[in-house]
Amino acid sequence: MSAPTATALAHTRRVCSLYKKSLRNLESWYDRRHIFRYQATLMRARFDQHRNEKDPSKVAQLVADGERELFEKQHYQPKKCMDGLILPMSPGGVAFEREVIPPDWVLDYWHPLEKAQFPDYFARREKRKEEYVVWWEKQYGKSSANDSSSHH
């Protein structure tokens, strides 16, 4: 008795997933809310038309056809991915890796007049750099002049 229930549950989830993905796809195609809602209503009517279908092979075919149609009509630049929201700064988002964060050593090349605008920050930074050098030498030992010439 649990097998048909599990199968029915899997089918229900698959249909709900297809419906949600289809709605997300419609959102990408229609930017005007009233047009999107109209298209969503038409799509919901298509889903409801086959709601009471009992033949498992026909139901499986309908879902497969729906997934194929969704794939064929997917938006070329979706607002949202098929699994959920793509945030602008997340991988796949429109602003992902757009802001380049400069490495810390860039601050070493600031002009003294620029550094003078942030005296507390640069004083703390110099102290932390010294602490880091002490930690490094404690962890890995002091580097000698011979070490730098042996590389490449």
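These notebook entries record what I looked up in the structure, which is a predicted model.

**Entry 1: helix 2**

I began with helix 2, which runs over residues 33–49. I compared its length with expectation: at 1.5 Å a residue, its 17 residues should span 24 Å. I found the end C-alpha atoms 24 Å apart, which agrees.

I then asked which residues of helix 2 are buried. They are Phe 36, Ala 40 and Met 43. These residues cover an arc of only 65 degrees around the axis, and so they lie on the same side of helix 2. I noted the general rule beside this: an α-helix has 3.6 residues a turn, so residues three or four places apart point the same way.

I looked next at the face of helix 2 turned away from the buried side. That face carries the exposed residues His 34, Tyr 38 and Gln 49.

**Entry 2: the nonpolar core**

I looked up which residues make up the largest nonpolar core. It has 5 residues, namely Leu 23, Leu 26, Phe 36, Ala 40 and Met 43. Helix 1 (2–29) and helix 2 each supply at least two residues of this core. Helix 2 gives the largest share, with 3 residues.

I checked Ala 40 in particular. Leaving out residues up to four places away in sequence, I found that Ala 40 touches Leu 23 and Leu 26.

I searched the whole structure for salt bridges and recorded 12.

The side chains of Arg 46 and Glu 69 form a salt bridge, at 2.8 Å from N to O. Arg 46 belongs to helix 2 and Glu 69 to helix 3, so this pair ties together parts that are 23 residues apart in sequence. I looked up the accessibility of both partners. Arg 46 counts as partly exposed because its relative accessibility is 46%. Glu 69 is also partly exposed, with a relative accessible area of 23%.

Glu 69 has a further salt bridge, with Lys 73, in which the closest N and O atoms are 3.3 Å apart.

I also recorded the salt bridge between the side chains of Asp 48 and Arg 51, at 3.3 Å from N to O. Asp 48 is partly exposed at a relative accessible area of 35%, whereas Arg 51 is exposed at 57%.

I turned to Arg 125, which lies in helix 5 (residues 119–140).

I listed the contacts of Arg 125, leaving aside its neighbours within four places in sequence. They are Asp 104, Trp 105, Leu 107 and Asp 108.

**Entry 3: Glu 97**

Last, I looked up the backbone of Glu 97. Its phi is near 60 degrees, a positive value in a residue other than glycine. Where does Glu 97 lie? I found Glu 97 in the loop between helix 3 (56–72) and helix 4 (112–115). Glu 97 counts as exposed because its relative accessibility is 62%, the cut-off for exposed being over 50%.

Terms used
Residues numbered from 1 in each chain as written. Predicted model: local features only at pLDDT ≥ 70, side-chain atom pairs only at ≥ 80, totals over all residues. Heavy atoms only, no water. Helix = DSSP H or I, 4+ residues; strand = E, 2+ residues; numbered from the N terminus. Contact = heavy atoms within 4.5 Å. Buried < 20%, exposed > 50% of the residue type's maximum accessible area, 1.4 Å probe, protein only. Expected span 1.5 Å × (residues − 1). Arc of directions from axis to C-beta. Core = buried A, V, L, I, M, F, W, Y, C linked by side-chain atoms within 4.5 Å. Salt bridge = Lys/Arg side-chain N within 4 Å of Asp/Glu carboxyl O.
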